[in-house]
Each structure stands twice: as C-alpha cells, then as structure tokens.
Amino acid sequence: MVDVIRIEYNKSLVLRNKMKIYNIDDMTKGWFIGDFSPSVFKNPFFEVAHHKHEKGYRCDPHTHKIAQELTYIVRGKLIASGKELASGDMFIYEPNDVADVEIIEDVDLIVVKWPSVPSDKYAVDSNGKIV
C-alpha cells in the first residue's frame, strides 16, 4: 500500500487529498475485498476478486456450504457446470452447488462471494461428494 498526498492550490484554498493505492499483484489469487489479509476493505459480509485465466484452465471442482458466489464474465468464454457462457454473462452458484468451470477462451472475471467466510470452500470428487 502506498499513501499519496496531493496538494492543490486554488487561489487561497488548499485541499489535502490522502489516497490509498493498492495493486492486485499484492493480493492473494485476485481476492481484494473480504474477511482476509491482505484486503483493500476487510469485512465479513462479502468478498470480491478479479480473476484472469488462460484458455484450458479448469478450476478444481468445489462447493460452499454457506456462501453464494456470483461470477461476471468481463471478457472471454467458459463452460460453467456444462453451460457455455461468454462476455457479459453472469452466473451464481448457491450453497452446496458444485462449482465446475473450464476456460475455453482467455477470460477476465469479477467474482463476488457472500458472506465472506474464507474457510467455506470444500473440494468435491467426480460424484459431487466432499472429499
């Protein structure tokens, strides 16, 4: 994090602007808001991430017992639970749904998960059973 102080002069008025700057490369796996560190805004209510994946990437199938997870496809194409989706599409995994995503074209994704419970992620086998 870098603190930046900018002073602007407008005749006799002096404004002080203290802005915090972060970089996504300093975050863990693209997650930048949530109840974890590092975090731009630490809170227990929701998480936000920016993910970039190349064609051919496949997430490890998993589920959440508590959280819901919304994914917005900014750019690219993927297959989520058997459905082909593209730029502009959004999908939500509800608690106990199995997240199974394959990237078929390089993607940029914004992911929002609520509530923020970092321990609420469980690997599943090919039958959808928690392992």
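1. Accessibility terms. A residue counts as buried under 20% relative accessible area, as exposed over 50%, and as partly exposed in between. Val 40 has a relative accessible area of 34%, so Val 40 is partly exposed. Please keep in mind that this is a predicted model.

2. The surface patch. Val 40 sits in the loop between β3 (31-33) and β4 (47-53). Together with Tyr 22 and Phe 41, Val 40 forms a nonpolar patch on the surface. The accessible area of the three residues together is about 250 Å².

3. The largest pocket. How much volume does the largest pocket have? The value is about 710 Å³. The lining counts 29 residues, and those closest to the pocket centre are Trp 31, His 51, His 62, Glu 69 and Lys 121. Two or more lining residues come from each of β4, β6 (68-80), β8 (90-93) and β9 (101-114). β9 gives the most, with five residues.

4. Sorted by class, the lining of the largest pocket holds 15 nonpolar residues, seven polar and seven charged.

5. Salt bridges overall. Side chains of opposite charge can pair when their charged atoms come close. The whole structure has five salt bridges. The next points take up some of them.

6. Lys 42 and Asp 35. These two side chains meet in a salt bridge, at 3.5 Å from N to O. Asp 35 has 31% relative accessibility and therefore counts as partly exposed.

7. Glu 47 and Lys 113. Their closest N and O atoms are 3.6 Å apart, and the two residues form a salt bridge. Glu 47 belongs to strand β4 and Lys 113 to strand β9, so the pair ties together parts that are 66 residues apart in sequence. Are the two partners buried or exposed? Glu 47 is buried, at 3% relative accessibility. Lys 113 is buried as well, with a relative accessible area of 4%.

8. Arg 58 and Glu 102. This salt bridge has its closest N and O atoms 3.3 Å apart. The pair links distant parts of the chain: Arg 58 lies in the loop between β4 and β5 (62-63), Glu 102 in strand β9, and they are 44 residues apart. Arg 58 is partly exposed, at 45% relative accessibility. Glu 102 is also partly exposed, with a relative accessible area of 28%.

9. A network. Which residues do salt bridges with shared partners join into one network? They are Arg 58, Asp 100 and Glu 102.

Conventions. Residues numbered from 1 in each chain as written. Predicted model: local features only at pLDDT ≥ 70, side-chain atom pairs only at ≥ 80, totals over all residues. Heavy atoms only, no water. Patch = residues over 30% accessible without salt bridge, like charges linked within 9 Å, V, L, I, M, F, W, Y side chains within 5 Å. Areas by Shrake-Rupley, 256 points an atom, 1.4 Å probe, with all protein chains shown as cover. Salt bridge = Lys/Arg side-chain N within 4 Å of Asp/Glu carboxyl O. Helix = DSSP H or I, 4+ residues; strand = E, 2+ residues; numbered from the N terminus. Buried < 20%, exposed > 50% of the residue type's maximum accessible area, 1.4 Å probe, protein only. 1 Å grid on protein atoms, 1.4 Å probe; cavity = no way out; pocket = protein on both sides within 12 Å on 5 of 7 lines; lining within 4 Å. Points joined across faces, edges and corners; volume = space filled by probe spheres on them. Nonpolar A, V, L, I, M, F, W, Y, C, P; charged D, E, K, R; others polar.
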